[in-house]
Amino acid sequence: MINIIVSAEIRPKPTEYIIFGPLPTVYVKYAGSNEEHTLFDYYPDELHFNAQEFIGLTEEQARDLKYKKDLAYLRS
């Protein structure tokens with residue numbers, strides 16, 4: 001079964017980022033489930049996400065999105 005993301009939230013908000021504090025983490029819910037899952041965390045000084053970017057994606061596509069943004073950042 002392919003899990004489609006129907007809701008996403010990033011906590012703590014990247015604007016609240018404090019050096020050595022908790023990293024922003026993407027939490028998602030999949031279609032047909034009320035259970036929240038941790039997708040990944042990231043360094044907000046390197047990557048930027050909007051929770052809406054994940055809606056409609058599969059878990060694999062969402063992780064691929066992070067990979068592509070990370071690669072673009074490293075190449076810049």
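Arg63 and Glu59 both sit in helix H1, four residues apart, which is about one turn of the helix; helices here are DSSP runs of H or I with at least four residues, strands are DSSP runs of E with at least two, and both are numbered from the N terminus. The side chains of Arg63 and Glu59 meet in a salt bridge at 3.1 Å, N to O, where a salt bridge means a side-chain nitrogen of Lys or Arg within 4 Å of a carboxyl oxygen of Asp or Glu. Arg63 is partly exposed at 37% relative accessibility, and Glu59 is partly exposed with a relative accessible area of 30%; in these terms, buried is under 20% relative accessible area, exposed is over 50%, and partly exposed lies in between (1.4 Å probe, protein chains only).

This is a predicted model, in which local features need pLDDT of at least 70 and side-chain atom pairs count only at pLDDT 80 or more, while totals for chains, interfaces and linings use all residues. Residues are numbered from 1 along each chain as its sequence is written, and side-chain values use heavy atoms, with hydrogens and water left out.

The structure holds five salt bridges. One of them joins the side chains of Arg11 and Glu36 at 3.1 Å, N to O. Because Arg11 lies in strand E1 and Glu36 in strand E3, this pair ties together parts that are 25 residues apart in sequence. Arg11 counts as partly exposed at 29% relative accessibility, and Glu36 is also partly exposed, with a relative accessible area of 38%. Another salt bridge brings together the side chains of Glu53 and Lys69 at 2.8 Å, N to O. This pair links distant parts of the chain, with Glu53 in the loop between E3 and helix H1 (59-75) and Lys69, 16 residues apart from it, in helix H1. Glu53 is partly exposed at 29% relative accessibility, and Lys69 is partly exposed with a relative accessible area of 24%. As a general point, side chains of opposite charge can pair when their charged atoms come close.

Pro12 itself is found in the loop between E1 and E2.

We turn now to the nonpolar side chains. The largest nonpolar core has 15 residues, of which Ile5, Val26, Leu39 and Phe54 touch the most other members; such a core is a set of buried Ala, Val, Leu, Ile, Met, Phe, Trp, Tyr and Cys residues joined through side-chain atoms within 4.5 Å. Strand E1, strand E2 (25-30) and strand E3 (36-41) each supply at least two residues of this core. Beyond its neighbours within four places in sequence, Ile5 is in contact (heavy atoms within 4.5 Å) with residues including Val28, Leu39, Phe54, Leu57 and Ala62.

Ile4 lies in the segment before strand E1 (5-11) and is partly exposed, with a relative accessible area of 32%. Together with Ile2 and Val6, Ile4 forms a nonpolar patch on the surface, with about 270 Å² of accessible area in total. Such patches take residues with over 30% relative accessible area and no salt bridge, joining like charges within 9 Å and nonpolar side chains (Val, Leu, Ile, Met, Phe, Trp, Tyr) within 5 Å; the areas come from the Shrake-Rupley method with a 1.4 Å probe, and for residues only the protein chains shown count as cover.
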